[in-house]
Amino acid sequence: MADVMTLRVELMSGRGMHFDPPPGRVFLVDQRTTFDELAHAINVHFARWDPAHLHFFRLGDGREIGPSDADFSDWLDDDQIALSSVLAEGDEFEYIFDLGDEWQHHCRVEGVSADPSEAVGELTKLPLPILGWGSLPDQYGRQSEIGTEE
């Protein structure tokens with residue numbers, strides 16, 4: 001069984017809004033998970049229904065990890081980098097979704113464990129939310145089905 005980490009993700013801001021307190025999720029994550037897979041899980045569990053926007057991670061040391069097909073030559077390829085290769089317990093980093101609206105998330109590795117069975121039984125390869133709180137805003141600010149914006 002692979003080691004797993006507990007990862008706290010909080011939505012700090014986006015679309016000009018700042019959240020205090022921030023809504024958040026705690027994920028149980030197989031350390032072999034790539035940053036691309038983590039981005040997908042964050043988007044799904046933060047109610048992003050249109051994931052076609054660019055995203056990237058900024059590590060504490062300033063390195064940035066994002067999609068290889070983006071035109072940012074300094075980015076490391078998020079589809080090729082496993083979390084365990086660059087993160088350890090206590091590390092903090094950012095996840096930015098949609099470079100226009102800049103949904104900014106603060107992420108922290110809360111713990112690393114060899115056995116997730118007590119928390120959830122069998123672990124899937126993809127990140128699994130085990131705790132969540134707060135109200136999540138619509139990614140486009142819509143208040144109704146017809147698309148009225150704030």
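Biologist: Among contacts in the chain between residues at least 6 apart in sequence, what percentage join residues at least 24 apart?

Modeller: The share is 64%, where a contact means heavy atoms within 4.5 Å. This is a predicted model, in which local features need pLDDT of at least 70 and side-chain atom pairs count only at pLDDT 80 or more, while totals for chains, interfaces and linings use all residues. Residues are numbered from 1 along each chain as its sequence is written, and side-chain values use heavy atoms, with hydrogens and water left out.

Biologist: How many helices and strands are there, and what makes a run count as one?

Modeller: The chain has 2 helices and 9 strands. Both are DSSP runs numbered from the N terminus: a helix is H or I over at least four residues, a strand is E over at least two. Along the sequence they follow the pattern β-β-β-α-β-β-β-β-β-α-β.

Biologist: Why is D78 called buried?

Modeller: Buried means under 20% relative accessible area, exposed over 50%, partly exposed in between (1.4 Å probe, protein chains only). D78 has 2% relative accessibility, so D78 counts as buried. D78 is in the loop between β6 (76–77) and β7 (92–97). Leaving aside residues up to four places away in sequence, D78 touches residues including F35, H55 and I65.

Biologist: What makes a set of residues a nonpolar core, and which residues have the most contacts inside the largest one?

Modeller: The set must be buried Ala, Val, Leu, Ile, Met, Phe, Trp, Tyr and Cys residues joined through side-chain atoms within 4.5 Å. The largest nonpolar core has 25 residues, and L7, F35, I42, F57, L87 and F93 have the most contacts inside it. Its largest share, 5 residues, comes from α1. In soluble globular proteins, nonpolar side chains tend to be buried together.

Biologist: Which residues of α1 are buried, and what do they pack against?

Modeller: The buried residues of α1 are F35, L38, A39, A41, I42 and N43. They pack against β1, β3, β4, β5 (64–66), β7 and β8. F35 touches F57, L87 and F93, among others, not counting residues up to four places away in sequence.
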